[in-house]
Amino acid sequence: MRRFVPTAAVVLLLAAPLAAQSSTATELASGVVLVTMSDRGASDANVLLVINDSDVLVVDTGILPSSAELAIAELRKRTDKPVRYIVNTHWHSDHHYGNATWLRAYPNAEIIQHVNTRRDVIERDIPSLQRNLATAYPEVIAGVRKALESGVTAQGAPVTDAMRAGLHKQLDLYETFQREMGASRIVPATLTLTDSLVLQRGNRTIVIKYLGAGNTAGDLVIHLPAERIVATGDLVVHPIPFAFFSHLDAWPATLRRLMALDATTIVPGHGPVLRDWAYAEQLIGLIESTWRQVERAVASGAQDLDAVRRAVDLSTERQGFAADSAAIQRFDAVFTIPAVEAAYRTLQPTPAK
């Protein structure tokens, strides 16, 4: 079987159902609307609509065309003004795969990304999606169907009732992703920035800032100073953070710069709105502990990633994020495993030439 190259979005979707989807819209301030996807839990990114005097700015576009269509419908309930700008906070697919759908609805919109994000979309996300659509997804779909029909897993174990439910969920996931992304395309930025961009749209000021690496090398935050609102992308994800392909060495300092912004309404990349920076402080402690433990393991001579994983113990820190067995399993899947690997990849010695 060929190697499966999952996007971060696919990893997240494995933990959420793909039932008939719906959206929920919440007005955070005059003309500022948060759209969430009600049936995909934490896997689909928050979408922020900023409706200005004569146009609209959209922050992140959803994981699939169907997600984007729901957010577009929410916007059209409120205004017929055109979308002028789409900002992708980073390169993870659940924040930009909806770009093409938004552009079909608003073909004159410009897509704004950090220069590092545009690079990663082109060099990492597009090739991995193409490989997965061509080979990995069809192989997974065939394998799951075979297990459901035969009652035996690929490893020869019997399929229990609990496993069967999970397999149906997995099949729904991959069939949906294959169908929707097979008919869509990834669209990178038409405008890039390296530091900051201030947009004056009528009476509204919108500040798009790069505060440093963290969850990715190109995380952007969108600050509305008059409304004291900030959209953080996946620099902050609540209640359980994501660490796919992250930069743990830089992330805490970036979060501290984020916390210096004057904001009382904090829109995370995923999860409910926050009203203060207490969770971000907690997140800094978690990231710093993870980095220190990996750094200590590498310095003590851990020979490979498996040895480093055995040396890292986040059970104390995890208590503040995960209260039950299901949440603990999710915490380890979306934070512990990718965070330890990301830190190890940063710290491991360069092989001698």
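In helix 7, the residues L286, I287, T290, W291, V294, E295 and V298 meet F331, F335, A339, V340, A343, Y344, T346 and L347 of helix 10, where contact means heavy atoms within 4.5 Å. By class, this contact of helix 7 with helix 10 has 12 nonpolar, 2 polar and 1 charged residues; Ala, Val, Leu, Ile, Met, Phe, Trp, Tyr, Cys and Pro count as nonpolar, Asp, Glu, Lys and Arg as charged, and the others, Gly among them, as polar. The model is predicted: local features need pLDDT of at least 70 and side-chain atom pairs count only at pLDDT 80 or more, while totals for chains, interfaces and linings use all residues. Residues are numbered from 1 along each chain as its sequence is written, and side-chain values use heavy atoms, with hydrogens and water left out.

**Helix packing**

- Helix 7 and helix 10 (residues 325-347) pack at an angle of about 50 degrees with their axes 9 Å apart; helices (H or I, at least four residues) and strands (E, at least two) are DSSP runs numbered from the N terminus. Axes are lines fitted to C-alpha atoms, for helices over the stretch in contact, and angles run from 0 to 180 degrees between N-to-C directions.
- That angle makes helix 7 oblique to helix 10; angles under 35 degrees count as roughly parallel, over 145 as roughly antiparallel, 65 to 115 as roughly perpendicular and the rest as oblique.
- The crossing of helix 7 and helix 10 is right-handed; a crossing is left-handed if the near helix is turned anticlockwise from the far one by less than a right angle, and right-handed if clockwise.
- Helix 6 (residues 251-259) packs against helix 7 (residues 278-299) at about 165 degrees, with axes 9 Å apart, and the two are therefore roughly antiparallel.
- Helix 6 passes helix 7 in a left-handed crossing. W251, P252, L255, R256 and M259 in helix 6 meet A280, E281, L283, I284, I287 and E288 in helix 7, a contact of 8 nonpolar, no polar and 3 charged residues.
- The axes of helix 4 and helix 5 come within 9 Å and cross at roughly 150 degrees, which makes helix 4 roughly antiparallel to helix 5.
- Helix 4 and helix 5 have a left-handed crossing, and their contact divides into 14 nonpolar, 5 polar and 3 charged residues.

**Pocket and cavity**

- The second largest pocket holds about 330 Å³ of space. On a 1 Å grid over the protein atoms alone, a cavity is a set of points where a 1.4 Å probe fits but cannot get out, and a pocket is an open set with protein on both sides within 12 Å along at least five of seven lines; lining residues have an atom within 4 Å of a point.
- Of the 15 residues lining this pocket, G143, V144, A147, T153 and A154 are the closest to its centre. Helix 4 gives the most to the lining, with 8 residues.
- A search of the whole structure finds 1 cavity of 30 Å³ or more. The largest cavity holds about 50 Å³, and its lining divides into 6 nonpolar, 5 polar and 1 charged residues. Grid points are joined across faces, edges and corners, and a volume is the space filled by probe spheres set on the points.

**Backbone geometry**

- A cis peptide bond, with omega about 10 degrees, joins H238 and P239; P239 is found in the loop between strand 11 (229-231) and helix 6.
- R228 is not a glycine, yet has a positive phi of about 55 degrees. R228 lies in the loop between strand 10 (220-224) and strand 11.
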